[in-house]
Amino acid sequence: MIFVDACLKKEVPYTPVWMMRQAGRYLPEYRAVRKDAGGFISLCKNPKKASEVTLQPVDIVGVDAAILFSDILVVPMEMGMDLEFIVGRGPVFSDPVVCEEDLKKLDIQKAVKNLDYVYETIKITREKLAKDKALIGFCGAPWTVATYMIEGGSTKNYAKCKKLLYQNPEFLHQILSKVTQATKIYLENQIKAGVNAVQIFDSWASALEKDVYFDFSWKYILEIVDYLKAKYPEIPIIVFPKGISAYLDKIDGNFDVFGVDWSTPLALARDILSHKYTLQGNMEPCRLYSKDAIKESVEKIVKTMKGKSHIFNLGHGILPDIPVENAKYFINLVHELSAK
């Protein structure tokens, strides 16, 4: 698989490319399946339909890897939290974690058992996916998942999380540790079900100051990485901590790919990290609105990463109103311009 080879710094005939949120609302085919499934959570819990939308970007747009269709919050949901996706608000927990009693109610083993639909989606998808195409599993980083659990949903200022961090850091570490333990088993089961690589999304990494980030987020990411690598050294691990360009010199760990967000200069990440890791990224997602903007960015990134291990991706998720034609143009252009 070209994608897996690139993750492992092997020689590839061209730069493989996929897009975060590639199975999503920009595709009419996805919208039709989601409507038929009866909503987002229902779609996540329906292995046949979740597999169908996982495969759509491979068949329609031509990406080199499929990423499992699911959500980072299925883990706390199946541990016992009440999750709802509300139009205009996104994910909402009606029962956020406030005290130790709330945390004690959350059951890791229950989550492992209840997440069978994810593993079934992986098995169905891997059977249908072309053998030369990779299937990526994923999870949220413990810090990112914990912010939703504590805040009760999306947040702009992380006030509840940060209040807890500075007033009662021991309790926050307890939450993070429990999420970490569940995530280890969750990703291991994804690997057993058939994924060829896994990505850890730390979407809220930039919310924390430097020393705090490495204590309350990065440490737990590395715990997951080390656990998986000890058991499955052949499975590539991608980490994507969004918005920490100022901390790149402190990045170290036993993973394979470092995801670069669009706000981080790719040349900077290349100079600091490419001797250790394959880099993934980092075209600004809004460039997909314009073919000229796509071409300008792809040319620059291909030139920047010439001679270095690279996986092409956006610097964050594809937006829901991107023209499908532009997404196809982007994928084809990456293949064309990066071909050896």
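In which handedness of crossing does H14 pass H15? I found that H14 passes H15 in a right-handed crossing, the near helix being turned clockwise from the far one by less than a right angle.

I noted that this is a predicted model, in which local features need pLDDT of at least 70, side-chain atom pairs count only at pLDDT 80 or more, and totals for chains, interfaces and linings use all residues. Residues are numbered from 1 along each chain as its sequence is written, and side-chain values use heavy atoms, with hydrogens and water left out.

**Helix pair.** I looked up the packing of helix H14 (residues 291-304) on helix H15 (residues 324-338): the angle is about 30° and the axes are 10 Å apart. H14 is therefore roughly parallel to H15 (angles under 35 degrees). I listed the contact (heavy atoms within 4.5 Å); among its residues are Ile294 and Val298 of H14 and Tyr329 and Leu333 of H15.

**Salt bridges.** I searched the whole structure and found 12 salt bridges (a side-chain nitrogen of Lys or Arg within 4 Å of a carboxyl oxygen of Asp or Glu). Aspartate 36 pairs with lysine 49, the closest N and O atoms being 2.6 Å apart. This pair links helix H2 (residues 28-37) to helix H4 (residues 47-60), across 13 residues.

Lysine 276 is partly exposed at 32%, and aspartate 252 is partly exposed at 46%.

Note on methods:
Axes are lines fitted to C-alpha atoms, for helices over the stretch in contact, and angles run from 0 to 180 degrees between N-to-C directions. Helices (H or I, at least four residues) and strands (E, at least two) are DSSP runs, numbered from the N terminus. Angles under 35 degrees count as roughly parallel, over 145 as roughly antiparallel, 65 to 115 as roughly perpendicular and the rest as oblique. Buried means under 20% relative accessible area, exposed over 50%, partly exposed in between (1.4 Å probe, protein chains only).
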